[in-house]
Structures are given as structure tokens and as C-alpha cells.
Amino acid sequence: MVRPTQLIHTQREPAPLRPAATVLLLRNGPQGLEVLMTRRAMTASFAPGAYVFPGGGIDPADAQAHALAARRATQSDTQLTQAIAAIRESFEELGILLARHGDGRMADDSDIAALNRHASAADFAQQCQQRGLTLAADQVYLLAHWVTDRDLPRRFDVPFLVAHMPDGQTPVADDKEQFEPVWVRPADALSRHAAGDFFIIFPTIRTLERLQHFADAQSVLAACANEQPWFTSCPRAGWIAGKESRHMEHEPPFGELALTCPDGQIVHHLDWQTDQPVLLLKNVQRLTAPNPGVMTGPGTNSYLVGDPDTGFIAIDPGPADFEHLDRLWRAAGGNIRLIVCTHSHPDHSPGAAPLQALCAQHGHRPPVLGLSSAATARAHSHFTPDRELHDGELLVLQGTHITHTLRVLHTPGHAANHLCLVLEEDGLLFSGDHVLNGSTTVVDPPDGHMNDYLQSLDKLLDACEQDHIEFILPAHGYVLGNLWSEPHDARACIAHLKAHRLKREAKILGVMQKHPDGSMDDWVQLAYDDVPPRLWPVAMRSLLAHVERIRSLG
């Protein structure tokens, strides 16, 4: 894991989590699925004025009411407690009661009128029992699991539950915590929020975005039948275009925010720019070359590893853009000890020689290291280093009190001479083009080879296990990964990438079997029908690599 001494920002302890539960009450309206929402009081300590789903904190009494609630055989004790809390809170806040009589009838307005909405949590279930009602916890399903962002002063661990709105009941807000209950289609809530007249917070937005694709309440409940959340998320925030921007684990900026601000500080700027280095750790800087495009995303990332005491290793100096190289040299204070190219492609290696010459003008000539381009490389990818690197070789920067060690991993596949680097002391993987953020690596035969590519992914998975690699620093896009042992980490990123490749290959094989006489043009349109046609010429190259692998496997 990253050494605490290399973190940019002072460590801090996020606010403790409080258990809570919220419930999405659904019905089928004239135009499809609708969800019940209500406006929080402007004096609320959390999300004042926001439209939310009813819910609140879990009380110890909720766990004591299991015997007074119906449950599914697959519903855990924890899920049952959460469902009871959500039922209680929806009753207190909106007068909705998910409970039924012994004969199966759901509670109606007369039952609700007979109960005290302001009774304590301990008395709630007892009131229902005295009325002959059993809490319908078996009708409450887990939809999603949210953990409040680390930057906020009040934090909650909240399952988002879902249930069908009981017939014959009308929501009535308590006018203390909640106001203005409203039935709304998820898509309408999102559009009204975008227009500025229906304020909702990030978890609500993301949940509604998933919900808007369902036609009716029954399909939502069916999708929750396996007792597993659709997702679990503790978002992170940074700045884009001067505005606060929050991101879930699967979104491209998340890993970078986890690396730079692990305790949730909202200080990191995510805007892509080429003029200034971006400090990721005290010993890692990124400078993005001004060569954005379809193949390069926001541009090629050059990295500087080291510090003023140890000197720096420059990774992937990029194209021969002299302004970019000058910025790279200046960011290192002129103290570049080694220049390493992950491979020979024209957006990675041409800057090596002029960067070396720039250093030489100031009295020091760092060697250019890497692997020579193979005979299979295209003409514009010719590259010969000053010295060949070997698989497993260590590149060491030694200072007075600190060491930075990069271990070389030969990872052919994207290119025959591709290599990755592991910063051993901090559990970081510099992945070159082998693993990218926001796009899929092109494997272009003959220099690219799909079987080699997949085997190299396995090699990187082994390295992640050996070195407890948490984060991947790609040549294009933001940092990938998350904290070790959480749902999204470097291993998960690579495993997902391999699964994606094999899924694509299975689709290609199916197309080949169904259309054995088809051309490559026919196959790319069918196998990559989920890719915009303008990208088919690029996809064609990876298609060829998959076809070659399929045929080699018989």
C-alpha cells in the first residue's frame, strides 16, 4: 500500500458511520413506474430541502421486533432489522404502514388512524401487534447500499430498500421532518432536478438513474429477489471546471481520488490540462502530453517517479513535443536519472531522445531504457533504447532517507516490446497501454498478439497479489483502482478487463460460427455492434487478433 509519508494531504479520520435505512415506495402510474418522494425540512442537519425517499436511523428497538414481523426465508437478520426500521420511518414520516392483518389484508386508513405516529420506536411494533398487524418486512427488498461520502460531517451506512405501495393508503407528511410528498417518475425527477426545481442529492440521483429503465414496480422487485444490492458505493468527490464533482467506484475518476485523497478531502482537480504537472503522491507526478484523440483519450500520460533527493525516473516521455518535454524536465528540476519507455508506439517513445538531449544540454545524460521494437512493429514504431531492460529487473532511486524501486515486467500483447513497472514501496502499477482507464487497449497484429495480451494480464494479476497493488497508473486516463480489500481494487480492474476480452471473444466466435463465409467487415459489424461505427476501423485490428487466437486454439 502507499506509504503514508508519500501522501499529499494530511491523514484524517472520517466521521463515524451511523446505521440507517430508507425505502423506495413504488406504484404503477398512468405513464409507468412512479416512486414516492418527500421534501426534507430546511432545518434538517443532513440534505436540508432535498427531495428524498422516506427513512432514517436504525433504532435498537428495530432489532428487538423480529418476532412481530414477517420475513422471507432468505432474509438475513440484518436485512430484517433494516426492513423494520424502514417500515417504522415511512410510518412516522408519511403515515404509510407496510403491515397486514392475519387474513392477509394490508393495513388501511382506519388502522393508521388508530396508531400513534409519534410513539417511540420501542412502542411502534407493539402498537401494530395490539391492532392485530404483522409488519410486512417480507415485502421489503434490498435495492442498493450507500455509504455516505468520507468528506461529510454526518455519515450513514444506508441500505436503499424497495417495496410496493400498499393499496388504499395516502401519504401524509408529518410536516416536521418531511413535507410535500409527491409521486414522480424517476426520469421526471431527474429532469426537474436538472432544471433546478427539484433538488436531489447524489445517491438519490444515481439510484433514480438506474430505476428509470424499469417499466413497472413488479420488474424492479423481481430484480431485487436475489437479496443482493444492485451496487454498493461510498462516493468520492473532486473538482471539475471549478465545480464539486462526485463519482462512484465504477466511474473513471474514482481511483484517482482514492489515491490522492484517501480520507475524502475535496481538494483534487480532475480537469485534464497539459500546462502543469499533477501531483498524485509526493513521489509521483503526471504530465499529460497535448495529443488528445480517439486513440489517446485526453493525451499520453508521462510520469515522474522520485523526489529532489533521489532524482527522478521519467516514464513514457510521449511524442517529440518540445514544450511538453521542457515541462517534464522542469517538473523534475532537471534531475532526471533514467528515461523509460513502456513500448515503442509513436505517442510514447519519440520524446525519449530529445528529452535526453535536453538533459545533456544541462550537464547530465540519462540513459533511455526499454525494449527494442520487434521486427513485427510498424515503421512509425521503431525504437532502440540505450540499454535493454530485463523482466524482473529493479530500477532503484536511492536518497538519504528514502528509496523508490521500480520493478520491470515484460508484458507483450499490445506490442511485442511492451513492459509495465511496479513501484514496489507504494504498491503502484504503471501499466503503459496494457491497462487503460476509459477505453479498451487495441491489440494490433502482427506486433500485437491476443494470447500474449491475456497471458500478460495474468502476470499483472499475480503482481497485484504479490505486491498488494492498489492502484494502476495508465498511459491514458485517470488512475485506476481502489483501496486493497474493497470491492474495486487493482486486481478487480484487471480481472474485469480480462473477462471483458473473453466475453468479446466469445461473441466473435459466435459470429464466425453463424457466418462462416463472412468477411472481416461483416464480422466487425456484428461482433462490435455495441461500438459506434466510426470506431469499427480501430476495432477491426483487435478483431483480427481475436480471430487469430480463436483459430490457433482450434
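Student: Contact means heavy atoms within 4.5 Å. With that settled, which residues is E505 in contact with, leaving aside its neighbours within four places in sequence?

Tutor: This is a predicted model, and in it E505 is in contact with M450, H546, R549 and I550, once neighbours within four places in sequence are set aside.

Student: Where is the place of E505?

Tutor: E505 belongs to helix 12.

Student: And does E505 count as buried or exposed?

Tutor: E505 counts as buried, because its relative accessibility is 9% and the cut-off for buried is under 20%.

Student: Staying with helix 12, at what angle do helix 12 and helix 13 pack?

Tutor: The angle is about 130 degrees, and the axes of helix 12 and helix 13 (residues 520-527) are 9 Å apart. Helix 12 is therefore oblique to helix 13.

Student: Is that crossing of helix 12 and helix 13 left-handed or right-handed?

Tutor: Helix 12 and helix 13 cross in the right-handed sense.

Student: Which residues make the contact?

Tutor: Helix 12 contributes R504, K507, I508, V511 and M512, while helix 13 contributes W523, L526 and A527.

Student: How many bridges join strand 22 to strand 23?

Tutor: Three bridges join strand 22 (residues 419-423) to strand 23 (residues 428-432), and these two strands run antiparallel. L421 has F430 in strand 23 as its bridge partner.

Student: Which open sheet do seven strands form?

Tutor: Those seven strands are ordered 13-14-15-16-17-18-19, with mixed pairing. Strand 13 (278-281) and strand 19 (387-388) are at the edges, and each pairs on one side only.

Student: How many bridges join strand 18 to strand 19?

Tutor: Two bridges join strand 18 to strand 19, which run parallel. Within that pair, G370 has E388 in strand 19 as its bridge partner. Helix 9 packs on the sheet, where it touches strand 14 (284-288), strand 15 (301-307), strand 16 and strand 17. The direction of helix 9 makes about 165 degrees with that of strand 14.

Student: Which strands does helix 10 lie across?

Tutor: Helix 10 lies across strand 16, strand 17 and strand 18, at about 170 degrees to strand 17.

Student: Which residues of helix 10 are buried?

Tutor: In helix 10 (residues 352-361), the buried residues are A352, P354, L355, Q356, L358 and C359. Their cover includes strand 16 (311-315), helix 9 (322-331), strand 17 (336-340) and strand 18 (368-370).

Student: What follows helix 10?

Tutor: G363 follows helix 10, with a positive phi near 95 degrees.

Student: Changing topic to strand 1: how many bridges join strand 1 to strand 8?

Tutor: Eight bridges join strand 1 to strand 8, and the two run parallel. V23 is the bridge partner of L161 in strand 8. Strand 1 also pairs with strand 2 (residues 32-40) in the antiparallel sense, over four bridges. A hairpin of two residues connects strand 1 to strand 2, and N28 has L33 in strand 2 as its bridge partner.

Student: And how does strand 1 run with strand 4?

Tutor: Strand 1 and strand 4 (residues 55-57) run antiparallel, joined by three bridges. A20 stands opposite G57 in strand 4.

Student: Which residues of the largest nonpolar core touch the most other members?

Tutor: L25, L97 and L135 do, in a core of 35 residues. Strand 1 (17-29), helix 2 (77-94), helix 4 (121-130), strand 6 (133-135) and strand 8 (155-164) each give two or more residues to this core. Helix 2 supplies the largest share, eight residues.

Student: What does L25 touch, not counting residues up to four places away in sequence?

Tutor: L25 touches E34, V35, L36, P54, I96, L98, A163, M165 and W183. Another core, of 31 residues, lies apart from the largest one and has A20, V35, A189 and A217 among its members.

Key
Residues are numbered from 1 along each chain as its sequence is written. This is a predicted model: local features need pLDDT of at least 70, side-chain atom pairs count only at pLDDT 80 or more; totals for chains, interfaces and linings use all residues. Side-chain values use heavy atoms; hydrogens and water are left out. Buried means under 20% relative accessible area, exposed over 50%, partly exposed in between (1.4 Å probe, protein chains only). A nonpolar core is a set of buried Ala, Val, Leu, Ile, Met, Phe, Trp, Tyr and Cys residues joined through side-chain atoms within 4.5 Å. Two strands pair if DSSP finds at least two bridges between them. Axes are lines fitted to C-alpha atoms, for helices over the stretch in contact, and angles run from 0 to 180 degrees between N-to-C directions. Angles under 35 degrees count as roughly parallel, over 145 as roughly antiparallel, 65 to 115 as roughly perpendicular and the rest as oblique. A crossing is left-handed if the near helix is turned anticlockwise from the far one by less than a right angle, and right-handed if clockwise.
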